[in-house]
Each structure stands twice: as structure tokens, then as C-alpha cells.
Protein chains: 2
Amino acid sequence: MEAFEKNIRRVEPYVPGEQPRQKVVKLNTNENPYPPAPGVERALRELDTADFRLYPDPACSVLVDAIADFYKVGKDQVFVGVGSDDVLSLCFLTFFNSDKPVFFPDITYSFYKVWAELYRIPYECKKVDEDFRIVKEDYYGANGGVIFPNPNAPTAIYENLEFVEDILRHNRDVIVIVDEAYIDYAGPSAIELVDQYDNLIVTQTFSKSRSMAGMRIGYAIASPKLIRYLNDVKYSFNSYTLNRASLVCGAESVKDREYFEKTVAEIVGTRERTKERLAKMGFSFTDSSANFLFVTHPEYDAGDMFRALKEAGIYVRWWDSDRIRQYMRITVGTEEEMETLFAFLEQYVSKEN
Amino acid sequence: MEAFEKNIRRVEPYVPGEQPRQKVVKLNTNENPYPPAPGVERALRELDTADFRLYPDPACSVLVDAIADFYKVGKDQVFVGVGSDDVLSLCFLTFFNSDKPVFFPDITYSFYKVWAELYRIPYECKKVDEDFRIVKEDYYGANGGVIFPNPNAPTAIYENLEFVEDILRHNRDVIVIVDEAYIDYAGPSAIELVDQYDNLIVTQTFSKSRSMAGMRIGYAIASPKLIRYLNDVKYSFNSYTLNRASLVCGAESVKDREYFEKTVAEIVGTRERTKERLAKMGFSFTDSSANFLFVTHPEYDAGDMFRALKEAGIYVRWWDSDRIRQYMRITVGTEEEMETLFAFLEQYVSKEN
């Protein structure tokens with residue numbers, strides 16, 4: 001090791017779901033199988049590249065306004081960033097500065113732990129129960145903030161607003177972040193609690209239900225006060241974030257409510273049919289309210305199955321981690337993609353074990 | 001103040017140069033007056049928006065490869081981010097983890113201090129001399145890393161590679177970052193020292209000479225080892241950064257060397273003519289090697305002049321800060337824009353003081 005390496009940060013790099021270049025059935029990163037709203041293409045074509053010479057609007061107004069309109073909240077209640085990872089990371093930096101630990105589930109989005117370590121924020125993981133449900137009483141104790149996804153990932157389990165509100169009621173003196181990346185496939189959003197709880201932040205993303213993972217857009221909705229804090233931190237260290245293409249494409253996408261609702265319904269329909277098919281094959285799974293399923297089979301090893309699927313050009317996600325080693329996460333794709341998956345699995349589970 | 005506000009990070013928000021919506025002569029944020037290379041428009045038109053549903057390539061290969069080709073360095077020597085602010089911020093997080101202070105000039109890019117404070121990195125500002133030159137001997141002492149822009153901003157002063165190498169020779173045990181946002185308007189880049197000094201990182205941006213501030217692209221060139229460290233940290237906490245539009249537009253822009261050299265030459269030509277015109281009016285200034293000038297007038301207050309210019313629809317930059325309060329920073333625009341500026345200033349300096 002060279003002397004200059006002594007003070008370099010050592011991390012365990014996250015391994016993102018593979019982005020294969022050849023043609024595969026890609027059910028591994030919870031992307032949307034449908035293209036974005038038609039207006040997105042038009043918006044992109046109309047962009048004047050001569051304007052690329054100019055910095056983008058640091059306030060991201062065109063996109064903030066569209067999101068505020070869609071959710072019927074104030075423009076001062078919306079913050080946007082380069083994907084919800086960017087928004088969440090900034091939330092950690094802005095809101096979690098207590099000496100007390102931030103609470104989040106043990107089985108959850110893996111980046112919470114990473115951001116906490118990165119920013120040297122104390123944290124405590126609260127075990128989800130045997131059915132992978134978050135135990136709300138675990139979040140009653142003194143803490144430096146709370147964050148959980150709803151639906152949770154990779155468990156796909158949605159908890160209703162009564163549950164969310166119970167956690168909020170027990171945490172009036174800290175910031176509570178509800179990460180709703182998959183909410184559009186589930187039930188009511190905690191956005192409707194924002195006016196009542198000014199310590200609540202709801203984050204969402206364009207990467208799933210809006211089919212724009214490739215454009216990196218995420219947002220937070222909260223009280224004007226919390227949004228102001230977020231903007232202050234953002235402006236203090238990186239003023240220009242979303243580029244000109246993301247701003248206009250994102251805004252166009254939000255304007256098309258009909259297309260949004262139609263594609264969400266398609267995916268929910270496919271998901272429900274997938275549950276039936278998998279159940280018939282002997283799989284068991286959590287009751288998914290997301291665009292993916294979290295499945296296990298009593299007779300077949302999940303790691304083996306994952307590798308066999310990959311071999312056959314069907315990519316799903318599997319983690320060699322405690323408690324979830326016998327589970328695979330399968331994204332809901334098109335009907336056709338799911339049929340390819342079913343055909344493979346039906347063969348697989350009919351073999352001698 | 002609510003209880004939940006107790007642990008919220010308090011910052012002094014950075015005030016970015018104004019992005020006026022009405023038609024003005026905009027010489028305040030060092031943007032390029034010319035559009036990006038013609039290939040950028042083609043690349044944008046050819047983008048298939050259906051692919052927006054998929055995450056972008058986390059390795060950003062198409063852009064990394066184009067940059068590596070342009071600078072004749074290895075593909076494993078290039079790191080890209082969402083503007084050079086993103087790249088630099090990540091460099092601070094990755095490389096500056098010593099108990100000793102990081103050194104940078106007192107008059108320099110204002111974000112260095114912000115990132116250091118944000119990540120709780122000790123730092124020490126070294127005074128530039130009376131002519132605003134960096135004093136290289138100040139960087140010989142024990143430190144936790146060194147960063148300086150070359151040319152420096154807002155002074156516009158370029159130091160040659162002998163100077164850069166001297167700082168490198170005295171700092172073999174820490175990481176040295178040379179922030180070359182404006183290098184294409186100056187002289188040789190420290191990129192040619194990268195193979196010799198494996199503790200050197202050179203950062204550059206697409207926002208100036210490549211006319212793509214609106215698309216948020218920056219990059220670092222260094223030894224494969226340092227690039228690996230940067231990628232490890234990036235993948236550990238935010239895997240998908242540059243969106244699909246930035247990747248292809250950026251790559252196209254780099255491929256057009258001829259257009260790049262032509263527009264850089266135009267701006268350098270205008271800058272030199274601007275020096276002559278301003279000198280005739282009695283202004284004095286540093287010997288700019290950037291796409292902006294750092295100017296003062298012995299008889300007129302810079303703040304007054306800044307406000308008068310703004311009143312007339314000519315935006316330049318001025319800071320109410322120690323040591324530079326009598327200076328304005330003026331971006332080099334088109335010949336036509338500069339003529340508007342000259343006309344105003346000639347009037348201004350002919351008036352009774």
C-alpha cells in the first residue's frame with residue numbers, strides 16, 4: 001500500500017443488479033416493462049440542444065410544478081433529485097444529525113445502512129418479524145430519526161396508513177421518512193399525512209411506475225419547512241443537479257395521468273396472475289403490493305434456482321444473506337416475459353429434487 | 001423551533017449565479033456562448049425513449065470510452081459524474097479522510113470549503129499573494145491532501161506544469177487534486193502527469209469548453225488505482241448517476257475534436273480582444289487564461305459597477321467578500337455580447353466619478 005492510500009475511504013461496493021447487454025428476460029431490477037408516457041418522446045424531440053450550453057434551472061421549477069399539480073400539494077412542498085437515491089442520501093445528510101441512532105428495518109433497502117455509515121450517523125436495525133412484517137412498536141423508543149420503505153423492499157409488503165400514522169404519532173420529535181418507491185402498486189400514499197405531520201417526508205421515484213429509471217428522477221414531498229431545509233443543503237454544495245432532458249421529460253411524464261394509471265393497472269394485473277401461477281407450482285411468497293414478488297419454494301434451493309434461471313437467460317435477484325437466502329425477488333415484467341418465466345419454473349419444479 | 005428541528009443540518013446556502021428568464025447579456029456563470037457540437041443534437045434525436053424504462057449503464061462506458069480515447073489514457077483511468085461538482089464532492093469523501101488539514105487557496109472555488117465542512121474534513125486555506133497567485137511553498141507542509149483549480153477561479157490565473165509538478169513532488173503521501181474546469185482556455189493539462197504521479201487526480205467538466213452545462217457532466221482522470229477507489233465509493237452509495245441522455249450526448253460531444261478546438265479558439269480570441277478594450281478604459285485585471293476575466297477599475301467601485309450593469313441587463317458576477325470586493329468576474333461571451341458590454345462600460349468610465 002502506498003502512503004497516500006492510508007486515508008482513502010474503504011467501502012464494500014454495492015453490486016447493482018446486472019445490466020446485461022445481450023437479450024435476456026430481465027426481471028432483476030424492478031424496472032417497468034412498458035415505455036414511458038408518449039409525451040416524453042415529444043418533449044425530448046423538442047429540446048433545443050443549443051440551450052445545453054446554459055446551466056439548468058437549479059430550482060427545477062418545471063418538474064416541481066408538475067409534481068405539485070399531480071399530488072395537489074404546494075410547490076414549496078416538493079424537492080427533486082437525481083433519482084430517489086440522491087434524494088434519500090441528501091435527506092440522511094440533512095435530517096439525521098442526532099447522537100441517537102436512526103431506526104430502520106433489518107431487511108430493507110440496503111443503501112440506508114450505507115448512507116448512515118458514509119455520513120457517520122449512528123443507526124439501529126429493527127428486526128422484521130417471521131413473516132417479514134415491520135414491528136411498529138420497535139420504533140417507539142428514543143431515536144435520531146426513522147426511515148422505512150412502504151411497501152418494504154425486497155419483501156414487497158405494504159402497511160396501511162394507520163400503521164404509518166402510528167409510527168408518526170410515536171415519533172413527533174424526529175424526522176420520519178417513508179420511502180415509497182413502490183407505492184403506486186400498493187395502496188394510499190403517506191402524502192396525505194404530510195399536512196398533518198410536519199416531521200414527515202415521503203420520497204418517491206420515476207424509476208418504477210413512471211418507467212424512467214434511465215433518466216434518474218426522484219422526489220420528496222413534505223412540509224414547506226422541511227423542503228426548505230433540504231434545498232438549503234442542496235444549494236450549499238451542489239446547486240445544479242437534474243439536467244435539461246430530465247426536467248422536461250419528467251414534467252411531461254407526470255402530466256399524463258391516464259397512461260400512468262393504465263400501465264400501473266397492467267402491472268398489478270400481471271402481478272396477481274403471477275401469484276396464482278406461482279402458488280400452483282408450490283411457491284410461497286409474501287403478499288406483494290409492489291411490482292415484484294418475493295418468493296421461496298419449500299423443496300428447491302433459491303440460490304440453485306437463481307443460477308438455473310440465469311443460465312436460461314432469465315435474470316431475477318437473489319441475495320446470499322441471512323434470513324432471505326431462500327428467497328428470490330422477481331420483477332413483474334410483461335405477460336410474455338412472465339410466460340417465459342413460468343414455462344421454465346414449471347419444468348424446474350417438476351424435476352426430481 | 002420544533003423539537004424535530006434540533007438535529008437538522010444548518011448551512012449557509014450557496015447562491016448560484018442568477019439564471020434570469022428574460023433576455024439579458026448573460027456573462028455571469030462562465031457558460032459557453034456557442035452551442036455544443038452538432039453531433040449532440042443528432043445523438044439526442046436518435047435516443048430511443050422506450051429505453052428510458054431501463055436503468056442507465058452504471059459504468060457509463062460509452063462516455064468513459066470516448067473520454068479515454070480523446071485524452072489517450074486507459075478506460076480504467078476515467079471516472080464520470082453529474083457535473084464536476086459531483087465528481088469533486090465524491091473525491092473529498094473518498095480521499096480526504098486524514099486528521100491533518102486539507103490545503104487549498106483562500107481565494108478559490110467556494111465549494112471546497114463547503115464540502116470539507118459537510119464531510120467534517122479539517123482544512124486550511126492558504127493565502128494567495130497580492131497578485132492573486134498561489135504560493136506553492138505554502139503547500140509543502142504536512143497535510144491531509146491538496147486541491148486547487150488551474151486556472152484558479154475567480155482569478156483566472158494559470159500556473160504551468162512545472163509549478164503543478166513542484167506541488168506534487170512535495171506531496172507524494174497524500175492525494176493532490178487539480179481542478180481543471182477552465183484548462184482548455186489555458187495551457188497544458190496536468191493529465192500528462194497522471195502516469196508519473198499515481199496520487200494525482202485531474203478533474204474537468206463539460207460545462208465550459210464543451211458547452212454542456214445544461215447536461216451536468218464532469219470527469220476525473222487519474223491512475224487506475226485511484227479511479228477504482230472512486231468507483232468503489234460511488235457504487236457503494238449511488239450506483240446510477242448519469243442518465244441516458246447525458247451519456248450519449250456527452251460521448252458525441254467528445255468525438256468532435258475539430259468543433260471543440262474551433263470554439264475554444266474563438267473564445268480565446270474574444271478574451272484577448274476583451275483585454276485590450278478593457279485596458280484602454282483603464283481597467284486592470286489578472287492575466288486571464290480562462291473563459292472569464294477578473295477585472296477592477298482604480299476609479300470606480302466594483303459593486304456599483306456590477307449593479308449598474310445589471311440594471312442595464314448585463315449580468316456579471318461580483319462578491320461582497322474580503323480581498324476581492326473591488327473585482328468583477330466577467331464571462332467571455334460572443335463578440336456581439338462583448339460589444340454591448342464595452343459600449344456600456346465606455347459610457348460608464350467616461351462619466352464624472
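Chain B and chain A bury about 7,200 Å² between them, 57% of it on carbon and sulfur atoms. Buried area here is the accessible area (1.4 Å probe) that two parts lose on being put together, summed over both. Phe4(B), Arg53(B) and Tyr55(B) supply 11% of the area that chain B buries against chain A, more than any other three residues.

This is a predicted model, in which local features need pLDDT of at least 70, side-chain atom pairs count only at pLDDT 80 or more, and totals for chains, interfaces and linings use all residues. Residues are numbered from 1 along each chain as its sequence is written, chains are lettered from A in the order in which they are written, and side-chain values use heavy atoms, without hydrogens and water.

**The interface**

| Item between chain B and chain A | Value |
|---|---|
| Residues in contact (heavy atoms within 4.5 Å) | 87 of chain B, 87 of chain A |
| Salt bridges (side-chain nitrogen of Lys or Arg within 4 Å of a carboxyl oxygen of Asp or Glu) | two |

The side chains of Lys225(A) and Glu5(B) meet in a salt bridge, at 2.9 Å from N to O.

**Lys208(A)**

The unreviewed UniProt entry annotates Lys208(A) as "modified residue: N6-(pyridoxal phosphate)lysine". Such annotations may be inferred rather than shown by experiment, and positions follow the numbering used here, with feature names shortened. Not counting residues up to four places away in sequence, Lys208(A) touches residues including Tyr182(A), Asn291(A) and Tyr55(B).
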